[in-house]
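Here is a short tour for anyone who likes to look at the architecture before running anything. Please keep the viewer open while you read.

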Number of protein chains: 2
Amino acid sequence: MDTLQLVAEPRRREILGLVWDGEMAASDIASCFDVTFGAVSQHLSVLRKANLVTVRKDGNRRLYRANQDALAPYKGILEGMWSDTLQHLAETIENAESDK
Amino acid sequence: MDTLQLVAEPRRREILGLVWDGEMAASDIASCFDVTFGAVSQHLSVLRKANLVTVRKDGNRRLYRANQDALAPYKGILEGMWSDTLQHLAETIENAESDK
DNA sequence: GTCCTATTTTAGTGAACACTATATCATAAA
DNA sequence: TTTATGATATAGTGTTCACTAAAATAGGAC
């Protein structure tokens with residue numbers, strides 16, 4: 001599957017939105033969605049293999065972050081969709097709150 | 001299915017490439033691919049319903065053309081992929097030849 | 001009208017893939 | 001070393017969807 005198709009998938013789009021501005025643990029990402037941890041981990045695996053996210057180990061946890069260089073061509077479209085739904089903002093705020 | 005996913009599908013991407021610069025009959029579009037006429041017609045139907053192409057009747061034939069306004073946000077990405085594969089150019093030239 | 005071509009539509013098939021559940025692996029804490 | 005937590009990998013399921021084949025629709029030529 002090519003990059004455009006990978007990015008087009010709605011769940012992955014949302015995940016990319018979450019890790020766009022900064023890194024985020026897999027468990028925190030998963031808690032934003034109504035699917036199992038495993039499902040999110042699979043999406044992260046796909047994004048990782050396509051070099052669309054980077055991972056950093058922090059003890060037990062894996063911190064993910066969008067690879068903005070690789071995603072540069074899609075940035076405009078992704079941002080457009082995040083702002084359309086306002087979900088990106090809502091979710092990042094929600095996450096920031098729960099981190100306090 | 002949203003616009004990004006519609007556009008991401010490889011066959012539809014190629015079809016959009018063919019009708020990007022000018023209108024083209026459904027049969028001519030279909031003859032560029034190794035799938036049945038019906039399959040291409042279905043893709044055209046999807047693109048039509050999403051308002052990504054416009055149709056004009058010319059007697060028996062239906063002439064399709066990309067709706068560049070609606071596709072504007074995706075133009076850069078699509079053009080990048082067409083130039084990558086060179087298929088877009090090859091196919092449009094091939095088609096122009098057969099029209100002579 | 002009857003043919004022929006261009007196109008759409010419908011029914012059915014196969015494959016891709018997002019998901020669940022479970023097993024496995026790795027790190028941290030006891 | 002055991003126990004718990006965070007994460008990945010695997011097996012199996014259901015749905016979506018691109019495709020084929022065939023039927024239906026429409027326009028032009030005769």
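## The sheet of chain A

In this predicted model, chain A has an open sheet of 3 strands in the order E1-E3-E2, with antiparallel pairing. Strand E1 (24-25) and strand E2 (53-58) of chain A are the edge strands, as each pairs on one side only.

Look at the two pairings in turn. E2(A) and strand E3 (residues 61-66) of chain A are antiparallel and share 6 bridges. Within E3(A), Arg61(A) is the residue that stands opposite Asp58(A). E1(A) also runs antiparallel to E3(A), and 2 bridges join them; Ala25(A) has Leu63(A) in E3(A) as its bridge partner.

## The hairpin turn

E2(A) and E3(A) form a hairpin with 2 residues between the strands. What does the phi of Gly59(A) look like there? Gly59(A) takes a positive phi near 60°. Gly59(A) turns up again at the DNA, as one of the residues that come nearest to DNA strand C.

## Two copies, one axis

How do the two protein chains relate to each other? The same surface serves both copies, with 100% of the contact residues of chain A recurring in chain B.

That contact takes 8 residues from chain A and 8 residues from chain B. On the side of chain A that touches chain B, the elements giving two or more residues are helix H1 (3-8) and helix H6 (75-85) of chain A.

## The surface near DNA strand C

Now turn to the DNA. There are 23 residues around DNA strand C, and those that come nearest are Thr36(A), Gly59(A), Ser27(B), Gly38(B) and Arg61(B). The residues of this surface divide into 12 polar, 7 nonpolar and 4 charged.

Which elements supply at least two residues each to this surface? From chain A there is helix H4 (37-49), and from chain B there are helix H3 (26-30), helix H4 (37-49) and strand E3 (61-66). H4(B) gives the most, with 6 residues.

Key:
Residues numbered from 1 in each chain as written. Chains lettered and ligands numbered in written order. Predicted model: local features only at pLDDT ≥ 70, side-chain atom pairs only at ≥ 80, totals over all residues. Contact = placed C-beta atoms within 7 Å. Helix = DSSP H or I, 4+ residues; strand = E, 2+ residues; numbered from the N terminus. Near = placed C-beta within 6 Å. Nonpolar A, V, L, I, M, F, W, Y, C, P; charged D, E, K, R; others polar. Pairing = 2+ DSSP bridges.
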